[in-house]
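Let's take a friendly walk through a protein model, with its ring-shaped side chains as our guide. Please have the sequence and the 3D view ready.

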Amino acid sequence: MPKYQGWAGKILRVNLSSGSITTEDTVKYKEYIGGMGLGYKIMWDEVDENTKPFDEENIIVFGAGPLSGTGAPCTARTNITSLLPANPQNLIGDSHMGGHFSPEMKYAGYDAIVIEGKASRPVWLRIEDDKVSLESASRLWGQGIFDTTANISSMMGKEAQVAAIGQAGENQVPLSTIMTNGNHSGGGHGGIMGSKNLKAIGIIGTQSVKYAADKEDWIELNESVMSIIGANNQHVVPSTPQPWAEFHDASSRWTAQEGLYWGAADQEVETGICKPEDTNRIGYRTMKAIKDLGPISEDYTVRMGGCQSCPIRCHSSVKVPELEKYGVSPYVSNTCMGYFNHWYVNQNAESEMDNFLNKTLGAQLADDYGLWFNYGQLGRDLKYLYDNGIFEEVLPEDEYNDIPWDLYEVGDPEFLVDFYRRLAFREGEISHISDGAAQIAERWDLGDDYWNYKTNKLWSRMGYPIHHANESNGQVGALINTIFNRDPMCHSHQNFLGSGLPTKLQKEIAAETWGSEDAIDVPANYTPMNRAKARFAKWSLVRNALHDSMTVCNWMFPMVTSPLKTRNYRGDTTIEAKYFSQATGMKVNEEELDEFGRRIMTLHRAMTVKQMGTVDMRNEHDRIVDWVYEMDPDKNAFEAGTIKMDREDMEKARTMLYEEFGWDPKTGAPTAETLDELGMTDVKQELASKNLLP
Ligand code: SF4
């Protein structure tokens, strides 16, 4: 790809069945940018709709975007695309890792790695620039992710970036992860690597990524981003009153304050006062363990870690010597879900430490085995199934009696050691809990009580949980949660809603961004659907697709707001287009780049239509479970104090969102006109040949 910069220019393709290793030009995928978009296009072109996740014919794509490796802030995410084993129809989906993997891939000369086929015995893929080989993994197979990563690093050198699976992936557990750096995980695709006998990928790259812009322009753009960046999730007000701050909000992830320390650092580090103008202290703004693990984590925090080129550092690294008695390392590092053992409460807790142990031990075990929490659903399912006596009914008696439920009932950490082992090694009937929610609902005949139990937080009959759904601006979050084939992992809307700014100010900004202040409501005091909300929902999805394609962090972008009073707290929604233009040399404005995002979302929808064999996305795909409409029986939707939704209003919301995307308002499927408009004639022709155009 000589004409453009940003992209490395080549895709590495490895066929594990034949052992062939080839490269091809990235340029043919540039309309889909990279990362997510490139992954979708390769899947669309090459994977038959009847393929199953663990079939040899399935492929898995590790994708970087043109921003990855440029050094621009927050641009080191890796997008992984394949069929989703935990989706009951095995629809296409993504998982995402932070860390340093995708920049290293670019430095080795590749925008993506496409893995095809299946090795006859366990292998790992060794990449050192253009020297690429398949190595025996016979001695790595059976190891956890931490040892695998350490062993490959010792073979390749400590500069190697490693993505690996644990025992859960090897055993093709649907809820399993791929993890890089030993603490950045992408959930959902570990079993795909396992099914291909691929234990890990290790990369060393020694080249550079070139951007097209003049150096001065590039530096100016980076500095402007650093001036408006907030704390994690682009929260722009501090969580406590600060001398410099006009506003504060207790839920903000801008936790820095005097007297708050990284208490287990070699020399105690005080997070202190971090004024927005002090860009050298951005890395102290967020101390996420305080949010995830509670105040006790202050004493155990060693440092904050994170992805390459990110000043935010959202991964809390803690050292918990008490973990060693469970046979695991005392060092735990995570972003969020691995720590979220909130479902597992130590009933005999004498101090905060007891539950802190549950959370850190759970994270450590799950991460090493490579088990995926599915945004907390695994824990909620365990609780539901035990509390309702279902395990007693569906597990063989011997197995049921062998499980240490006495430890579970008191919330003893030892239970987790037993439980996670059973899941990772597929031991017994209980291990099917990690097949995914829809699968266990069918296998164990769970019925409507399971789906409609509000506390269980299931969102779709396809078994994925809510992720900033109706609790995040009503219809906007609800719509966003209907579109993907897993939880949406979309923070575009949530970052804005959670910025911490007062609602009045947020409404002003909403009016400037989506055309009306009615795009947002006062939390839990919703109004009926309107066009501005549809624009907000579509924009959020489009930006999410752009971020995962470019690849930039959707936990920080888009930057609609900023911490700067001098800017009246306005951020800059044109940054992504500026970065794309400056990195690649393809000049686009904000609206033009958003069309790339619409194309990528439309391809995702086309692939979903093709796989499901129906155009009726409204009724077959985008449905949500009943608790959303039936919760709070004493209240109606649109009353203050409830996040309940209204069925008729949600139908209207679907129609409006489909219209915003240019999809058929009746079915929600891409139309021939829109596919032509987006330059997707090949997609149109294939859908037409299968009679799958509305
Ligand atoms: S905010 Fe966190 S996940 Fe996002 S780039 Fe920074 S360290 Fe990585």
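A charge sits over a ring if NZ of Lys or CZ of Arg is within 6 Å of the ring centre and within 35 degrees of the ring normal. Lys 610 is placed this way over the face of Trp 44, at 3.9 Å from the ring centre. Arg 253 lies over the face of Trp 555, at 5.4 Å from the ring centre.

A word on the model before we go on. It is predicted, with local features needing pLDDT of at least 70 and side-chain atom pairs counting only at pLDDT 80 or more, while totals for chains, interfaces and linings use all residues. Residues are numbered from 1 along each chain as its sequence is written, and side-chain values use heavy atoms, leaving out hydrogens and water.

Now to rings that meet other rings. Rings of Phe, Tyr and Trp (its six-membered ring) pair if their centres lie within 6.5 Å; planes under 30 degrees apart are stacked, over 60 edge-to-face, and the rest tilted. The structure holds 31 aromatic pairs. One of them, Trp 262 with Tyr 284, is tilted, at 5.2 Å centre to centre and 40° between the planes. This pair links strand β13 (residues 261-262) with helix α7 (residues 282-285), across 22 residues. Helices (H or I, at least four residues) and strands (E, at least two) are DSSP runs, numbered from the N terminus.

Next, look at Trp 459 and Trp 627, an edge-to-face pair at 6.4 Å centre to centre and 75° between the planes. Trp 459 is in the loop between α16 (447-451) and α17 (475-483), and Trp 627 is in helix α24 (residues 627-630), 168 residues apart. Trp 459 is buried, with a relative accessible area of 0%, and Trp 627 is buried too, at 5%.

Which residues does Asn 470 touch? Counting contact as heavy atoms within 4.5 Å, and not counting residues up to four places away in sequence, its partners include Trp 459, Trp 627 and Ile 643. Asn 470 is found in the loop between α16 and α17, and is buried because its relative accessible area is 0%.

Terms used
Buried < 20%, exposed > 50% of the residue type's maximum accessible area, 1.4 Å probe, protein only.
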